[in-house]
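Biologist: I would like to go through this model with you, chain by chain and contact by contact. Could you put it up, please?

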Amino acid sequence: METLLEMLKDMHPEVDFENNDKLIDQGILDSFDIVSLIAEIDNEYGVTIPPESIIPENFNSAKALYALIEKLED
Amino acid sequence: MKKFFSITLTFVIAFGGLGLGQRILMPKYTTGIVEGALIEEYYHEKAPHDVIIIGDCEVYENISPITLWEEYGITSFIRGSAQQLIWQSYYLLEETLKYEKPEVVIFSVLAMKYDQPQNEAYNRMTLDGMRPSVQKFKSIRASMLPEEDMISYVFPILRYHSRWSELNSEDFAEAFKRQRRFHNGYYMRADIKPVETIPEGRVLANYDFGENAYKYLDMMVELCKENDIELLLIKAPSLYPFWYDQWEDQMVEYAKKHDIEYINFLELIEETGIDFSVDTYDAGLHLNVTGAEKLSMYLGSFIKDNYRLKDWRSDGDLAEIWQEKCEFYHGMKALQYEELEKYGYLKSIKGE
Amino acid sequence: MLFTSHTFVIFISLLFLLYYTIPKKYQWKLLLAFSYVFYFIAGPKFLIYIIITTVTTYLAAVRIGKHYRHLDAYLKENKQTLTREDKKAYKSGVKKIQWKWLLSALLVNFGMLFVIKYINFTIANINWTLEVFGSGQGLSFVSIALPLGISFYTFQSMGYMIDVYRGKYPPERNLGKLALFVSFFPQLIQGPISRFDDLAKTLFKEHQIDAKNMSFGLQRILWGYFKKLVIADRILVAVNTLIGDTAAFDGSYVFVLMVFYTIQLYADFTGGIDITIGIAQVLGIKVQENFLRPAFAKNTAEFWRRWHISLGTWFKEYLFYPISTWQPMLKFTRYSRQKFGDRIGKRLPVYIAAFAVWFTTGAWHGSSWNFIVWGLLNFAVLMISDELKPLYAMFHGRFNVEGTFHHKVFQILRTNFLMSAIRLLDCYRDVPTTFRMFGSMFARADLSIFTNGGLLDIGLNVEDYWVLAIALMVVFAVAIAQRRGSVREQLYSKPAIVGRAVFYLLFVAIIVFGAYGIGYESSQFIYNQF
């Protein structure tokens, strides 16, 4: 989870990723951010997030995203 | 209940408002091209007419119903309009028969040269003035050009809405009641412009009148026969548009075949006493008021000799009605001559 | 059939009448019939294309769905006996078969679209290339007319296909219902491009007469006609004049064209969508919004979240994400991070994916280079503004203007200027001409045209400008009011007479001030040729 938070902070240092759960709804992460994230996650965790999982539910909070990563690691 | 009432009221106000808007936006033809106001005047007539005259400018500028009345006691009305096409004449006649039954119908045959719809503006001038009727519907259908559609005739506001930017006081003043401008369909011009040269007609590829034109002429003949009406075909003494011999022959033949009278006034210049140096206001296209009166003298005499019509001058009621018409006629004539004296041209027609 | 034709008004009036008088279970079938009649009137010989799309989509989706059901059943049955590797292998096997079905459907439909829409463009470019290499011969052009809405319904159907493949929802088993989804006529002319699960929520339901909904829908329709007829069709005269004579109307006239074309496009497109959504609303169907006050966007990225939203999201979901999360692309990302370092390496895949998206977006708008260049210019602006972020941050660190009203206004003006400028490619159609004319705006600027009556030489008179000014103010006022919530709801909360008066005034305004009829050429919706 730490690595993920680091990744996110790298992109948007001003955002509180620990607690914010409206990252998509509030437009904090846009499509370019998402794509960069996916590439980084692939790099870090070796996990490919498929397009159909690119939905607000999975990206609205760091927690949700991490849960997705864990699920895909299985 | 209240809701129903309020909704109904809303609709009434809504459509009333649009209707009012439509009346204001429709062109009134008060100056310049006043011919657009011709057709509508028929519906205000209070008494029937023995003679109904239909056709284009060759009737409404060359015949004076006032002269016919004053000299012969003949009651007549000209249901003419600019570039009136033959089917438009036919349907106007058919519609007229809903209101009255004349003894004689006179039709100007120049319209035979137009076999197909011609011009949107002229269509409007003939058709907009008609009251809603089956005949109007059929006439519209027969007259529409490709770019026109029926709904803009049913709701003229769709055609004239863009006039909002050119509305003037007359559009409001005459939104409901129109000023009288004509004399039982006669458009008076007292100015003079003598004939200069008349261009020779150019050679045509085909001189035959079209099938569509003949179709409606046949229908007109039939309609008159059915209703026991005498049909009289005429060609006015207009020097232009050029009246070809081939056309003349076709009309003479047609009239003979159907046993109808046909008068070509171009051949009766001497008899009618028309002098093209003083009797025309546009160098020979149309007669002016003196010319029209001369022609009407001849025409009235012809009618008297050939048709058994009553001289209505003895009828008290009619005489009263026509007395008023004559006053209006002579009044306008005097006014026009006054203007010509003062300005040299007809200011009131030009709209200045 | 144009939205603004008499035929269309009669068409939907008839539909509304029948829709609420027949038994409710036939309502969607009635819509299907009307949609096909609509399509037939537009061009009977084009029906074959939309039928092919419908049938191929239906079959492929149903088969894919079947495989999913078998997969679920199989996995359930054999939950105990299969290992994880077995399950994965089986899944991947099924996926391969499903992929074949998807690919076939995509090839057939996008193939049709490509051939019909882009064959002449391709031939032109092949010929040009051959010429460059000195070959005398060239291919001859094909005479093909565009079926109505092919760009829209193809994308809408393929979106559905991909969703089913991804397992987002099961396929529609009823061919008629799918046919309605593909051919739903209010969407054929200019979208929006709907998602099946979204539209299906209301498309096939049984609908009661809902007076509020219907009157809201009618208001929306009227609003669309107002924008379309009073604003768009009126200013179109000037736009055409300005485009028609590039020699006479250069310099500052180009700026006028920028502004006028933007107004025309906004009014025409958003007006048309209003009519679409309004019609759907009267029918009790919810169609997603396609615009969100785009003129108020503060940067290009935001603009594309407010303009033609359904197209943007389609490309995002079905092109941008798939490309950027493609295995080879991810491999390339890793490689480029090693080669070019973290900073550039991270951005490369995004830029490549975005390039592909914007190239396609441009091409989607038209089969000629000016549209593609337009798409790529959008790409360029987005990428540049992204790269400039550190610079902006520095600026805002120094000067305290971020978030102020003036700053916002500046951003809005800047965005509008940029977007209007690149849209000149739509107007002049020819890329070199567009750049030349844009340059002349600065090189041959002549501000006197704004004072010496130069604006009265382009087809509009003083009264027209008054109408436009007032109409635009009304639109602006509505946009501002909309930020507080639905304008129609706000009207609804006032006494009934207010709502009715507004309705009536709109109607009268359209009838009297609409730029229609003899004298105005009946203009095509700009997006009509899609």
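Biologist: How far apart do the closest C-alpha atoms of chain A and chain B lie?
Modeller: This is a predicted model. In it, the closest C-alpha atoms of chain A and chain B lie 44 Å apart, and no contact joins these two chains.

Biologist: Which chains share the most contacts, then?
Modeller: Chains A and C do, out of the 2 pairs of chains in contact.

Biologist: How many residues does each chain bring to the contact between chain C and chain A?
Modeller: Chain C brings 19 residues and chain A brings 18 residues. About 1,800 Å² is buried between chain C and chain A, and carbon and sulfur atoms account for 64% of that area. On the chain C side, the residues that lose the most area to chain A are C:Arg166, C:Tyr321 and C:Thr325, which together make up 30% of what that side buries.

Biologist: What does C:Arg166 form with A:Glu52?
Modeller: C:Arg166 and A:Glu52 form a salt bridge, with 3.4 Å between the closest N and O atoms. The interface of chain C and chain A has 2 salt bridges by the rule used. There are also 3 residue pairs in polar contact between chain C and chain A, counted with both residues at pLDDT 80 or more.

Biologist: Which elements of chain C give two or more residues to the side that touches chain A?
Modeller: They are helix H4 (84–132), helix H11 (309–324) and helix H12 (327–365) of chain C. Of the elements on that side, H12(C) gives the most, with 8 residues.

Biologist: Let us turn to the other interface. How many salt bridges are there between chain B and chain C?
Modeller: The count between chain B and chain C is 0 salt bridges. The interface of chain B and chain C does have 8 residue pairs in polar contact, again with both residues at pLDDT 80 or more. Helix H1 (2–25) and helix H8 (157–160) of chain B each supply at least two residues of the side that touches chain C. H1(B) gives the most to that side, with 8 residues.

Biologist: And what area is buried between chain B and chain C?
Modeller: About 1,500 Å² is buried there, with 69% of it from carbon and sulfur atoms. In chain B, the most area is lost to chain C by B:Leu18, B:His161 and B:Trp164, which together give 40% of what that side buries. The contact itself takes 20 residues from chain B and 15 residues from chain C.

Biologist: Which residues of chain B are linked in a network of salt bridges?
Modeller: The network links B:Lys28, B:Arg163, B:Glu166 and B:Asp171.

Biologist: How many salt bridges are there over all chains?
Modeller: A search of the whole structure gives 33. One of the pairs is C:Arg195 with C:Glu317, at 2.8 Å from N to O. These two come from distant parts of the chain, 122 residues apart: C:Arg195 is in the loop between helix H6 (175–183) and helix H7 (196–203) of chain C, and C:Glu317 is in helix H11 of chain C.

Biologist: Why does C:Arg195 count as buried?
Modeller: C:Arg195 counts as buried because its relative accessible area is 15%, and the cut-off for buried is under 20%.

Biologist: Where do C:Arg234 and C:Asp464 sit?
Modeller: Their side chains meet in a salt bridge at 2.8 Å, N to O. C:Arg234 is in helix H8 (residues 211–244) of chain C and C:Asp464 is in helix H17 (residues 462–482) of chain C, 230 residues apart. Both C:Arg234 and C:Asp464 are buried.

Biologist: What about C:Asp386 and C:Arg347: how many Å separate the closest N and O atoms?
Modeller: The closest N and O atoms of this salt bridge are 2.4 Å apart. The pair links helix H13 (residues 369–387) of chain C, which holds C:Asp386, to helix H12 of chain C, which holds C:Arg347. C:Asp386 is buried at 18% relative accessible area, whereas C:Arg347 is partly exposed at 25%.

Biologist: One last topic, the surface. Which residues form the nonpolar patch on chain C?
Modeller: The patch is formed by C:Phe255, C:Val259, C:Phe417, C:Phe442, C:Leu447 and C:Phe450, which together have about 570 Å² of accessible area.

Biologist: Is C:Phe442 buried or exposed?
Modeller: C:Phe442 is exposed, because its relative accessibility is 55% and the cut-off for exposed is over 50%. C:Phe442 belongs to helix H16 (residues 431–443) of chain C.

Technical notes:
Residues numbered from 1 in each chain as written. Chains lettered and ligands numbered in written order. Predicted model: local features only at pLDDT ≥ 70, side-chain atom pairs only at ≥ 80, totals over all residues. Heavy atoms only, no water. Patch = residues over 30% accessible without salt bridge, like charges linked within 9 Å, V, L, I, M, F, W, Y side chains within 5 Å. Areas by Shrake-Rupley, 256 points an atom, 1.4 Å probe, with all protein chains shown as cover. Salt bridge = Lys/Arg side-chain N within 4 Å of Asp/Glu carboxyl O. Helix = DSSP H or I, 4+ residues; strand = E, 2+ residues; numbered from the N terminus. Buried < 20%, exposed > 50% of the residue type's maximum accessible area, 1.4 Å probe, protein only. Contact = heavy atoms within 4.5 Å. Buried area = accessible area lost by both parts, 1.4 Å probe. Polar contact = N/O pair within 3.5 Å; in protein donor to acceptor, adjacent residues only side chain to side chain.
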